[in-house]
Amino acid sequence: MQIRIAGLVPESFVDGDGIRFAIFMQGCRRNCAGCQNPETHALDGGRLVDTNEIISAIKKNPLLDGITLTGGEPFLQVDAANELARATKNLGLNVWCYTGYTFEDLPPETSTLLENIDVLIDGEFILSLRDLDLQFRGSRNQRIIDIKKTREQNKIVLWSEIGG
Ligand code: SF4
């Protein structure tokens with residue numbers, strides 16, 4: 001399957017917990033003031049690659065803890081994102097994902113992807129709530145959500161490093 005990406009960072013230490021293969025997906029309609037990745041906004045920008053190429057690269061690195069789907073808005077390419085997420089889970093690795101949606105506002109058709117995500121950082125970037133001390137996120141409205149526990153407990157459970 002083809003996926004439109006802005007770029008890949010094969011070993012990232014800043015896009016989630018541990019060592020991560022970060023996939024910067026191309027396309028976002030939000031245009032948040034102060035967005036750090038404006039080059040990822042154009043829906044026809046970036047480049048098309050085959051998801052199998054990315055999965056092969058992930059398989060080659062035994063040091064990875066997981067992948068991070070970021071962007072751009074990963075939920076705009078939900079099928080391709082899900083293919084990467086599912087393959088990653090099959091490798092025994094974890095999946096983190098950024099989105100401009102809040103967890104509560106995710107469109108219903110994204111539920112399959114959500115099943116393959118361990119940690120969701122939700123909400124768009126809000127410049128007036130920017131906080132440089134936050135871990136893995138840019139503004140205070142964004143949450144680092146433990147999706148499995150959230151589903152189990154039927155309420156938002158935040159990810160914590162201990163046991164997270
Ligand atoms: S949702 Fe994310 S990528 Fe999109 S404009 Fe906002 S900060 Fe940028």
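Helices (H or I, at least four residues) and strands (E, at least two) are DSSP runs, numbered from the N terminus. The model is predicted: local features need pLDDT of at least 70, side-chain atom pairs count only at pLDDT 80 or more, and totals for chains, interfaces and linings use all residues. Residues are numbered from 1 along each chain as its sequence is written, and side-chain values use heavy atoms, with hydrogens and water left out.

Helix 1 spans residues 51-59, and its buried residues are Thr51, Ile54, Ile55 and Ile58. Seen down the helix axis, these buried residues fall within an arc of 100°, so they line one face of helix 1. The arc is taken from the directions from the helix axis to the C-beta atoms. Buried denotes under 20% relative accessible area, exposed over 50%, and partly exposed in between (1.4 Å probe, protein chains only). An α-helix has 3.6 residues a turn, so residues three or four places apart point the same way. At the start of helix 1, a side-chain oxygen of aspartate 50 comes to within 2.9 Å of the backbone nitrogen of asparagine 52.

Helix 1 packs against helix 2 at an angle of about 25°, and the axes are 10 Å apart. Axes are lines fitted to C-alpha atoms, for helices over the stretch in contact; angles run from 0 to 180 degrees between N-to-C directions. Helix 1 and helix 2 are therefore roughly parallel to each other. Angles under 35 degrees count as roughly parallel, over 145 as roughly antiparallel, 65 to 115 as roughly perpendicular and the rest as oblique. On the helix 1 side, Thr51, Ile54, Ile55 and Ile58 make the contact. Helix 2 contributes Ala80, Glu83, Leu84, Ala87 and Thr88.

Backbone geometry was examined next. Glycine 71 and glycine 72 are joined by a cis peptide bond, with omega about 5°. Glycine 72 sits in the loop between strand 4 and helix 2. Asparagine 31 is not a glycine, yet its phi is positive, near 60°. This asparagine 31 lies in the loop between strand 2 and strand 3. Its relative accessibility is 58%, so asparagine 31 counts as exposed. The side chains of asparagine 31 and histidine 41 form a polar contact of 3.4 Å. A polar contact is a pair of N or O atoms within 3.5 Å; within protein, one must be able to donate a hydrogen and the other to accept it, and residues adjacent in sequence count only if both atoms are side-chain atoms. Asparagine 31 and phenylalanine 125 are 94 residues apart along the chain, with their C-alpha atoms separated by 9.4 Å.

Phenylalanine 136 also has a positive phi, about 65°, although it is not a glycine. Phenylalanine 136 is placed in the loop between strand 6 (119-122) and strand 7 (143-146). With 15% relative accessibility, phenylalanine 136 counts as buried.

Isoleucine 147 belongs to helix 4 (residues 147-153). At 1% relative accessibility, isoleucine 147 counts as buried.

Methods: Contact = heavy atoms within 4.5 Å.
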